[in-house]
Amino acid sequence: MILVEEIQTALKELSLPEKKDFYPRFFKAGKGEYAEGDEFIGVTVPDQRKVVKAYFQKISLPELQQLLSSKIHEHRHSAILMLVSKYEKSKDPGERLEIIKFYLKNKKRINNWDLVDNSCYKILGRHCFENQDDGLLRGLAEEDYLWSKRMAIVSTMFHVKKGKFELLKELALKNLSHEHDLMHKANGWLLREMGQKNQGELLTFLKAHYGKMPRTTLRYAIEKLDEDLRQQFLKGTF
């Protein structure tokens, strides 16, 4: 597909050698790491967004499928950012539903934290919130797949931004004891976001559950609290 090749060329022209060397370490693409085998060409996110802005209206879902199937991380990330732009600009419920189906069909390719975090709440979270049906996110939280679980919790960001916290609390508790550090960080991050909107909600949740939280989750969740409060939670004296 000529358009896909054009996009890949545009990204390649923006590649930086120092980023190409750095990204495999940053995104944990080494042997035995969670992104083992991922390939990078060294394009920064701001530069990717320039390409996204230029092409997202032109590219079709079949062409996005080809771009998202690439082994190169920046190709997949740019593809998912284009999908977000398509969803946000669309006024057609049918087209939006097709984008949701496309996203879910390709979730095995949305397989690093940046791909998940920069897309899921803007597509899945918004879809669930606006349709008042969170079954999709609850289902993802149940899947035995790290990135599905992260999609579920990070998608609650849309709800949190609207001042709705119950789904976040439910899904955080569901995977609170997950073995992977990326879930510890995601749970803590979203709890911190809840605290930014409503500190009382965070404090009530923490009071009930902080004793069984992974340390990383707790540290992320309390990051914006006053130092005295932070120390009380860290020392277990709240």
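Let's start at one residue: leaving out anything up to four places away in sequence, Leu 206 touches Met 213, Leu 218, Ala 221, Ile 222, Leu 225 and Phe 233. Before going on, please keep in mind that this is a predicted model. Leu 206 sits in helix α14, which covers residues 199–209. Its relative accessibility is 0%, so Leu 206 counts as buried.

Now let's look at Gln 66, over in helix α4, residues 61–68. If we set aside neighbours within four places in sequence, Gln 66 is in contact with Met 1 and Val 4. For a distance across the model, take Gln 66 and Leu 168: they are 102 residues apart in sequence, and C-alpha to C-alpha they are 33 Å apart in space.

On to the overall layout. The chain is divided into domain 1, residues 1–111, and domain 2, residues 113–237. The C-alpha centres of these two domains lie 25 Å apart. How many residues of domain 1 are in contact with domain 2? There are 24 on the domain 1 side, and they meet 22 residues of domain 2. For those of you who like areas, the size of an interface is often given as the accessible area lost when the parts come together. Here domain 1 and domain 2 bury about 2,100 Å² between them, with 68% of that on carbon and sulfur atoms. On the domain 1 side, Tyr 34, Tyr 103 and Lys 107 lose the most area to domain 2, together 27% of what that side buries.

Next, a helix pair. Helix α5 (residues 73–89) and helix α8 (residues 120–130) have axes that come within 9 Å and cross at roughly 35°. From α5, the contact is made by Leu 83, Val 84, Tyr 87 and Glu 88, while α8 brings Lys 122, Ile 123, Arg 126 and His 127. Sorted by type, the residues of this contact are four nonpolar, one polar and three charged.

Let's turn to the cysteines. How many disulfides are there? The count comes to zero.

Last stop, the backbone. Most residues other than glycine have a negative phi. Lys 28 is not a glycine, yet it has a positive phi of about 55°. Lys 28 lies in the loop between α2 (17–26) and α3 (45–55), and it is partly exposed at 35% relative accessible area. Gln 132, also not a glycine, has a positive phi of about 50°. You'll find Gln 132 in the loop between α8 and α9 (135–142). Is Gln 132 buried or exposed? Gln 132 is exposed, because its relative accessible area is 73%.

Notes
Residues numbered from 1 in each chain as written. Predicted model: local features only at pLDDT ≥ 70, side-chain atom pairs only at ≥ 80, totals over all residues. Heavy atoms only, no water. Axes fitted to C-alpha atoms, helices over the stretch in contact; angles between N-to-C directions. Helix = DSSP H or I, 4+ residues; strand = E, 2+ residues; numbered from the N terminus. Contact = heavy atoms within 4.5 Å. Nonpolar A, V, L, I, M, F, W, Y, C, P; charged D, E, K, R; others polar. Disulfide = S-S within 2.5 Å. Domains from an automatic or database assignment. Buried area = accessible area lost by both parts, 1.4 Å probe. Buried < 20%, exposed > 50% of the residue type's maximum accessible area, 1.4 Å probe, protein only.
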